[in-house]
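Here are a few notes from my pass through this model. Have a look at the structure first, then read on.

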Amino acid sequence: MLKLLIVDDERIERSALRMIIERFLPEIRVVGEAENGRVAVELAEQLRPDVITMDIKMPGIDGTEAVSLIHNRFPAIRFIMMSAFDTFEYARKVMRYGVREYLLKPYRKDQIVEVIRTMSHEIAREKEDKQRTNELESKFKETLSLVESEWVSAILMDRIQEVQVRDWSHTLGVPESSGFAIVFVMSTKEKAWSVQERREIYSWLRHQCKISCFSLVGPMTGARIPVFMFPDAKSRLPIQHIHNTKDFVSNLAKFASRRFRSLQLSVGIGGLAASTDQLIGSYHEALLSASALNEGESSQTQEEWLSNSGMREAERRLLRSLGSGQFREMEEDFEFWVAELRLFCSDEIQDIKSGLHRLFTLADETLRESGLEPLPQLSFGEVEQVELLVEQAHSRLFLQARMLKHWYDNNSASAIRRAQTFISDHYRRELSLEETAEHVGLNPNYFSKIFSDRCGITFIDYLTGLRINKAKELLADPAQVLKEISIRIGYRDPNYFSRVFKKTTGMSPTEFRQSIGRL
């Protein structure tokens with residue numbers, strides 16, 4: 001119901017207007033009366049009316065000044081000016097505040113009723129448009145969040161070359177400038193966090209990253225949160241080189257520990273990647289740094305490792321073949337990696353050991369992402385021959401590969417079937433990749449990968465396809481209203497549903513329904 005405030009220094013005028021409104025405009029509620037401009041300003045703040053009928057000539061603060069004061073604080077309030085003086089100067093003064101209705105006293109009953117009713121309809125339409133816009137924005141943000149999760153998962157699973165991922169980059173507006181990875185690792189000495197506490201910590205860290213520069217934040221897996229940042233000249237971060245982020249993440253960790261009691265935040269920073277397809281290497285660096293397992297490196301520093309493109313590419317190829325379970329490719333990639341490692345380290349035994357520790361830290365992470373527990377840490381402490389080190393590494397790596405392949409062959413199909421059932425049961429509401437992955441007990445990044453592998457389609461496209469197919473079934477029934485169909489399949493806004501439907505099928509829901517009728 002629309003709220004209206006009457007402002008006039010004549011009591012009889014206020015009473016007459018109230019009587020007209022209550023009798024002929026039952027949809028309007030008179031929330032108050034003011035006898036001068038000062039009281040009008042006070043009541044406007046207390047009652048927040050939608051419309052104010054404002055007399056101009058009043059003692060003290062007159063109508064024009066009251067309109068100015070109220071409009072500056074509450075620009076959405078509409079005004080209907082009333083005066084016994086047909087003076088353009090008054091009208092000109094209030095026009096600058098968006099006042100479009102100016103009635104001369106004495107006004108006719110039907111005249112004031114029509115003006116208020118017309119304004120009421122305009123306000124109602126504006127509120128509906130605003131609500132529709134808010135719903136569209138909310139749905140768009142939900143979709144972007146899904147795309148963001150899929151994009152980060154694709155980076156972490158080294159699927160950046162897929163056409164779908166390039167489309168996601170365009171949708172998200174991923175900059176072409178250099179970027180780098182950050183990995184946050186949460187820990188606590190007290191009791192484990194509740195689900196709600198984990199969500200609050202995640203939301204806060206995500207917000208801090210996004211207000212600092214263009215950032216894409218992946219889903220929390222265990223206690224880790226992966227972030228890809230793309231600072232540039234317009235960024236709020238004073239980053240000219242990757243090392244300048246240390247102050248930022250250090251301060252962020254301090255603020256986080258103050259905001260969330262008992263939270264201990266470790267942060268790993270990866271190297272600067274010149275292009276998107278190099279971000280996986282930056283992520284590996286951030287992961288190693290956050291895990292604090294690369295402290296045994298001797299003469300070879302992180303920067304030297306990063307600067308060696310051959311070493312980075314060999315590592316990337318080997319980890320990719322490990323995750324895919326392709327033993328023949330993995331054999332070739334392992335030989336290539338060993339050759340690059342020995343060349344890079346000049347056969348210095350300690351440097352080779354550091355390289356092996358680095359490799360198995362990342363390989364263990366591949367197991368964790370699949371929901372498997374890593375094997376006990378391999379120690380190379382007593383081994384002083386390169387060939388023996390390589391032999392031990394080979395045995396260990398292929399054991400991990402067999403574990404991954406066994407899980408994939410025997411468990412992944414079952415996990416995907418459970419995910420599909422979960423999606424079918426819950427597609428009518430907002431549904432995320434993270435929630436679905438959690439339901440089947442998988443890391444969201446790995447779940448995204450095996451879902452695409454097993455289904456031949458991404459999680460987003462699968463969910464959208466399920467909703468659209470259900471919409472087609474409902475559209476076949478002429479009794480079903482479009483708005484109700486939209487809500488039943490998980491879209492709160494019919495306009496957004498229509499856009500998705502047309503993008504997917506090539507025709508609007510109405511056109512689709514008409515095409516069925518012609519069959």
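Which hand does the crossing of helix 2 and helix 3 have?

1. The crossing of helix 2 and helix 3 is right-handed, meaning the near helix is turned clockwise from the far one by less than a right angle. Helices here are DSSP runs of H or I with at least four residues, strands are E runs of at least two, and both are numbered from the N terminus.

2. Before going on: this is a predicted model, with local features needing pLDDT of at least 70 and side-chain atom pairs pLDDT 80 or more, while totals for chains, interfaces and linings use all residues. Numbering starts from 1 along each chain as its sequence is written, and side-chain values use heavy atoms, leaving out hydrogens and water.

3. Back to the pair: the axes of helix 2 (residues 37–47) and helix 3 (residues 63–73) come within 9 Å and cross at roughly 15° (axes are lines fitted to C-alpha atoms over the stretch in contact, angles running from 0 to 180 degrees between N-to-C directions). The two helices are therefore roughly parallel to each other, a label for angles under 35 degrees.

4. As for who touches whom, Gly37, Ala40, Val41, Ala44 and Glu45 in helix 2 meet Ala66, Leu69, Ile70 and Arg73 in helix 3, with contact meaning heavy atoms within 4.5 Å.

5. Now the sheet: five strands form an open, parallel sheet in the order 2-1-3-4-5 (pairing takes at least two DSSP bridges). Strand 2 (28–34) and strand 5 (101–104) stand at the edges with a single partner strand each, so one side of each has no neighbour in the sheet.

Key: Parallel < 35°, antiparallel > 145°, perpendicular 65-115°, else oblique.
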